[in-house]
Amino acid sequence: MDRTQPISGLRDVIDRYKVLLIDAYGVIHDGRNVFAPVNDALRRARADGRKVIVVTNSPQRTSGVVFRLSDVGVENGNYDHIACSGELTWRDLEQRSATNGALPRVHFILQGFGVRWLADVRNPMVETMADADIIIAAGMPHGTAEEALASPMIAALAEAQSR
């Protein structure tokens, strides 16, 4: 049974939902600019009592995503929350540290600009995966799948997976 339904825009289905989970890159903005109808659509959704949650796989913490959204033209106050992988990863490290008492040793696989919150990590950082309790990968600055597959990051991810 095919449950897909072609729609021309959010207005076609918005009445069905109380909470909107909206991806940032490619849906709200193109990396440089907010898409023209986005601010109005988000403002109207919130005015109608809907919760708007921006979801992104950005490796930055929430404050970095807020800055980025503002930088591309998303008006502050047009969303209720942000769920991003960088914040969730940082919080997970903090929770593990608080729960276990010991700080797990972390190895980062980084490419591109890395993540700003590394300076906030209390965990000992180790150079090799063999010495790590946790392996975190962040940043994939490749324009195509071919570029990504040819990068050293893919070999590092394969090694991490084998561990």
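Reader: Okay, Leu21: buried or exposed?
Author: Exposed, because its relative accessibility is 62% and the cut-off for exposed is over 50%. Keep in mind this is a predicted model.

Reader: Which strand is Leu21 found in?
Author: Leu21 belongs to strand S1, residues 19–23.

Reader: And which residues form a nonpolar patch on the surface with Leu21?
Author: Val19 and Val55 do. Together the three have about 250 Å² of accessible area.

Reader: What does S1 pair with, then?
Author: Strand S2, residues 51–56, in the parallel sense and over five bridges. Val55 from the patch turns up here too: in S2, Val55 is the bridge partner of Asp23.

Reader: What's the strand order in that sheet?
Author: S1-S2-S3, an open sheet of three strands with parallel pairing. S1 and strand S3 (81–84) are the edge strands, each pairing on one side only. On average, neighbouring strands are turned by 25° against each other, ignoring direction.

Reader: Remind me, what do strands of a sheet pair through?
Author: Backbone hydrogen bonds, and the pairing can be parallel or antiparallel.

Reader: Which helix lies across S2 and S3?
Author: That's H2, residues 62–72. Helix H2 runs at about 115° to S3.

Reader: Switching to S4. Why is S4 called largely enclosed?
Author: Strand S4 covers residues 106–110, and four of those five residues are buried, so the rest of the structure largely encloses it. Buried here means under 20% relative accessible area.

Reader: How many bridges join S4 to S5?
Author: Five, and the two strands run parallel. S5 is residues 134–138. For a landmark in that pair, look at Phe108, which stands opposite Ile136 in S5.

Reader: Zooming out, how many helices and strands are in the chain?
Author: Five helices and five strands. Along the sequence the pattern reads β-α-β-α-β-α-β-β-α-α.

Reader: What does the C-alpha trace span?
Author: About 50 × 40 × 40 Å along the principal axes. The chain has 163 residues, and 35% of them count as buried.

Reader: How about the accessible surface, what does that come to?
Author: About 10600 Å² for the chain, with 52% of that belonging to carbon and sulfur atoms.

Reader: Last one: among contacts between residues at least 6 apart in sequence, what share joins residues at least 24 apart?
Author: 67% of them do.

Conventions
Residues are numbered from 1 along each chain as its sequence is written. This is a predicted model: local features need pLDDT of at least 70, side-chain atom pairs count only at pLDDT 80 or more; totals for chains, interfaces and linings use all residues. Side-chain values use heavy atoms; hydrogens and water are left out. Patches are made of residues with over 30% relative accessible area and no salt bridge: like charges are joined within 9 Å, nonpolar side chains (Val, Leu, Ile, Met, Phe, Trp, Tyr) within 5 Å. Accessible areas come from the Shrake-Rupley method with a 1.4 Å probe; for residues, only the protein chains shown count as cover. A salt bridge is a side-chain nitrogen of Lys or Arg within 4 Å of a carboxyl oxygen of Asp or Glu. Helices (H or I, at least four residues) and strands (E, at least two) are DSSP runs, numbered from the N terminus. Buried means under 20% relative accessible area, exposed over 50%, partly exposed in between (1.4 Å probe, protein chains only). Two strands pair if DSSP finds at least two bridges between them. Axes are lines fitted to C-alpha atoms, for helices over the stretch in contact, and angles run from 0 to 180 degrees between N-to-C directions. Contact means heavy atoms within 4.5 Å.
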